Amino acid sequence: MPKIHLLDQRLCNQIAAGEVVERPAAVVKELLENSLDAGASQVEIELEQGGSKLIRLRDDGLGIDQEDLPLALSRHATSKIAVLEDLERVASLGFRGEALASIASVSRLQLTSAVADAAHAWQVSCEGRDQSAEVKPASHPRGTTVEVRDLFFNTPARRKFLRKEQTEFGHIEDAVKRIALSRFNVGFTLRHNQRATLQLPVAQTQAEQEKRLARVCGPAFMEHALAVDAQAGPLQLHGWVALPTFSRSQADLQYFFVNGRCIRDRLVTHAVRQAYRDVLFHGRHPAYVLYLEIDPALVDVNVHPTKHEVRFREGRSVHDFLFRSLHQALADVRPESGGNSAATAAPEAFAFSGGSAAAGTAQPLQQTPVWQPSLPSTGAGGGIRPGAVAEQVAAYTALQQAADTGDAEIPPLGYALAQLKGIYILAENAGGMVLVDMHAAHERITLERMKAAQQSGDVRRQPLLVPQSIAVAEREANCCESHIGLLQQLGLGLDRAGEELLVLREVPALLAHANLEQLVRDVLADLLEFGGSTRVSDHLDDLMSTMACHGSVRANRRLTVPEMNSLLRDMEATERSGQCNHGRPTWVQISLPELDKWFLRGR
């Protein structure tokens, strides 16, 4: 049997490099993080052959002292932490002390650095198999330059796994863009094969930040972006989320930062998906750039060598905070003249809304608004909501009086002119023409009222005539026993009848005919993973969505102008009215300049 022996230090570094440096993009990421931790305000990156031949990164950070240069290339050498308590409150991007040693073990590395007020700079070199570091004087301004040449020259097996030059460069560009979104106060320049491919100046103002965001994520993202700013206790969330109409076929435009660190986390992804649950078209993915600020003691970043993953110490609280913040931001979107944006307050029956900046001086339409209760507002059971007719009569009476005197501004969705093919409502507002899918719009209105009625009271429970036994694992039975109160709130009456046996006695009345065993298993799985579950509410929403779909006005039903106007006013007062229950858009704005372009007017 082979004897146990200590591995050579060079071999240890190359093993570590296999975890940290899997491709050139990983090298760039590690070096960028070191530059940001050093307080750099400008970072320049030069590449040759997709980074496999040369990666040169220069910053204007604090620099490294002469005596620390050889140590900087040693494994587990860092200035970021010193004791265990520091590891539990890591605020820097790097802290392991493995990156430079790992990179040096698989490349020809040269590091040149100068600190403030130093007579000159110092340079240290290290080459793959020979880990000895030689320090000599050099010429360099304050800051650090790292040159990584011939990556994987001494590990041919790893080099064979590299993709084409353009593919590797694409990964590097993505890594730079991610970090550029995390630090708006730092300028970035990226060159590939002597050609500048990305230049991002320092962005201090809101306008400059949005310009960088448009440069990285595309102008279309900013046109559909909704600003988010929420805080609850030690948690603060800010950034941008795209409206559901700007969904993606892939999850390729999702950036989430925790204390400035870009991460991928299932808990975060689940919370965001839940917030977009009933406004996103099937199979589509939301787009967002979000920043979560949290006490470093409440998040563990020492989970994976690449530091892409974190573990929240209070995962349930973080999940709920993210869901509530994004859910409310999307719910607050109301139709406004010229497009969708977040409203500051939700109107109860009807709200007057000003036009867009371009249409701020527009006069009221010549058509005098009229109304009759031909399409009454429906409640959870499909009947007339108490007081709805009186509220709308009063609102329209006030609107008509204001329009007659010329004091009223045009409502966001304007006034109905006609119905097209029994499917669409044609309306005119201050910005031009509005087309509304009447079934999709009424479907959303009906669903939101049903949800409000459901949430206003306790979940109605229905006892099962014959209690249902469910065999589960012991950890699931323990989970059920510890969350019995929460399960009761969800409408599930569960008792533990043995080490691996549960008895279901009560269920939500609306879900009496659902697959109850699968529902219970899904709820327990969520409780084990996230500390909570939305399975019951998801099933209720699905059921109410189906009921709303069947209870809404159908195509080819002819509506009068007053009925169409009534539907438009309800849309303006309804949360998430921009999408139906299935994520399809409910209305579209066509501006007057767009109409002029169609007919070549003004040319």
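Strands β19 (residues 424-429) and β20 (residues 432-437) run antiparallel and are joined by six bridges. This is a predicted model. Within the pair, Glu428 stands opposite Met433 in β20.

The pair belongs to an open sheet of four strands. The order is β18-β19-β20-β24, with antiparallel pairing. At the edges lie β18 (415-420) and β24 (587-591), each pairing on one side only. From one strand to the next, the twist averages 25°. Strands of a sheet pair through backbone hydrogen bonds, either parallel or antiparallel.

A helix also packs on this sheet: α18, residues 561-572. Helix α18 touches β18, β19, β20 and β24. The direction of α18 makes about 115° with that of β18.

Elsewhere, two helices pack against each other. They are α10 (residues 266-275) and α11 (residues 315-331). Their axes are 8 Å apart, at an angle of about 30°. Angles under 35 degrees count as roughly parallel, so α10 is roughly parallel to α11. The crossing of α10 and α11 is right-handed.

Which residues in α10 and α11 meet? The table lists them by helix.

| Helix | Residues in the contact |
|---|---|
| α10 | Leu267, Val268, His270, Ala271, Val272, Gln274, Ala275 |
| α11 | Gly315, Val318, His319, Leu322, Phe323, Leu326, His327, Leu330 |

By class, the contact of α10 with α11 has ten nonpolar and five polar residues. No charged residues take part in the contact of α10 with α11.

Note on methods
Residues are numbered from 1 along each chain as its sequence is written. This is a predicted model: local features need pLDDT of at least 70, side-chain atom pairs count only at pLDDT 80 or more; totals for chains, interfaces and linings use all residues. Side-chain values use heavy atoms; hydrogens and water are left out. Two strands pair if DSSP finds at least two bridges between them. Axes are lines fitted to C-alpha atoms, for helices over the stretch in contact, and angles run from 0 to 180 degrees between N-to-C directions. Contact means heavy atoms within 4.5 Å. Angles under 35 degrees count as roughly parallel, over 145 as roughly antiparallel, 65 to 115 as roughly perpendicular and the rest as oblique. A crossing is left-handed if the near helix is turned anticlockwise from the far one by less than a right angle, and right-handed if clockwise. Ala, Val, Leu, Ile, Met, Phe, Trp, Tyr, Cys and Pro count as nonpolar, Asp, Glu, Lys and Arg as charged, and the others, Gly among them, as polar.
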